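Here is a short tour for someone meeting this structure for the first time. Please keep the sequence and the 3D view side by side as you read.

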Amino acid sequence: MGMHFEHLLDALSYEELQGLKKDLDQQGLATKRSVEEKIKKKMREFDKTCAVCLSELRFYSTSNYTIVFGPDDFKKKASFCGLDCLQYFIDHLKRLKAPKRPEQKGGIPEQEIRDNE
Ligand SMILES: [Zn+2]
C-alpha cells in the first residue's frame, strides 16, 4: 500500500470512508469482494501496450501474446506485440533469475590483450 492507495482514499467522500471503515470493522467482506471483482476484471482486460516496446496492441491481431505469471495471490500479467518482444521479456526474466557470477563483475575481460609481444 503506497502513495496510490493514499490517493485512492483521498478520492473517497466522507460518507464512503465511513462505509469502508464500517465494512472493515466487520472483517471487510464487502471490500474484499469488490477488490476481488476488480482484480478479475483487470485480468480479463486486454493490455493496451506491449510490455517491451510499448507499441499499441491491436485487439484482433493474432501476433499478440499475453503471459500470466507469479504466485496465485499476486498474479502479474504482461502482453506483447509479437514473439520477438515475448522472447526479449523472457530473456530479461532469465537474467534477473540467474545467479550473479562474481568473476564477471567489474568488467574485467577474461583475456587481457597483450600488445607488447
Ligand atoms: Zn513489442
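Helix α2 lies largely in the open, because the number of buried residues among its twelve is zero. A residue is called buried if 20 or more other C-beta atoms lie within 10 Å of its own, exposed if 12 or fewer, and partly exposed in between, with C-beta atoms placed from the backbone. Helices (H or I, at least four residues) and strands (E, at least two) are DSSP runs, numbered from the N terminus. Please bear in mind that this is a predicted model: local features need pLDDT of at least 70, side-chain atom pairs count only at pLDDT 80 or more, and totals for chains, interfaces and linings use all residues. Residues are numbered from 1 along each chain as its sequence is written.

**The chain as a whole**

- The secondary structure of the chain amounts to four helices and two strands.
- Read from the N terminus, the elements follow the order α-α-α-β-β-α.
- The chain has 117 residues, and 6% of them are buried.
- Among contacts in the chain with a separation of 6 or more, 37% join residues 24 or more positions apart; two residues are in contact if their C-beta atoms, placed from the backbone, lie within 7 Å.

**Helices α2 and α3**

- Helix α2 covers residues 14-25 and reaches 16 Å from its first C-alpha to its last, close to the 16 Å expected at 1.5 Å a residue. The expected span of a helix is 1.5 Å times one less than its number of residues.
- For the 16 residues of α3, that rule gives a span of 22 Å, and the end C-alpha atoms are 23 Å apart, which agrees.
- Helix α3 also has zero buried residues among its 16, so it lies largely in the open.
- I39 sits in α3, which runs over residues 29-44. I39 counts as exposed because it has 12 C-beta neighbours inside 10 Å.
- I39 and K75 are 36 residues apart in sequence, while their C-alpha atoms are 9.5 Å apart in space.

**Loops with a positive phi**

- Most residues other than glycine have a negative phi.
- Q27 follows α2 and belongs to the loop between α2 and α3. The phi of Q27 is positive, near 70 degrees, although Q27 is a residue other than glycine.
- Q27 is exposed because it has 9 C-beta neighbours inside 10 Å.
- L54, in the loop between α3 and β1, is not a glycine and has a positive phi of about 65 degrees.
- L54 is exposed too, because 9 other C-beta atoms lie within 10 Å.

**The two strands**

- Strands β1 (residues 65-69) and β2 (residues 76-80) pair in the antiparallel sense over five bridges. Two strands pair if DSSP finds at least two bridges between them.
- I67 has A78 in β2 as its bridge partner, and T66 has S79 in β2.
- The two strands form a hairpin with six residues between them, and G70 in the turn has a positive phi of about 100 degrees.

**The nonpolar core and F80**

- Which residues make up the largest nonpolar core? Its seven residues are C50, A51, L57, F80, C81, C85 and L86. A nonpolar core is a set of buried Ala, Val, Leu, Ile, Met, Phe, Trp, Tyr and Cys residues joined through C-beta atoms within 7 Å.
- In soluble globular proteins, nonpolar side chains tend to be buried together.
- F80 is part of strand β2. F80 counts as buried because it has 25 C-beta neighbours inside 10 Å.
- F80 and C50 are 30 residues apart in sequence, yet 4.4 Å apart in space from C-alpha to C-alpha.
- Leaving aside neighbours within four places in sequence, F80 is in contact with C50, A51, V52, N64, Y65, C85, L86 and F89.
- With those close sequence neighbours set aside again, the contacts of L57 are D47, K48, T49, C50, N64, S79 and C81.

- L83 is in helix α4, which covers residues 83-97. L83 counts as exposed because it has 10 C-beta neighbours inside 10 Å.
- L83 and Y65 are 18 residues apart in sequence and 7.5 Å apart in space, C-alpha to C-alpha.
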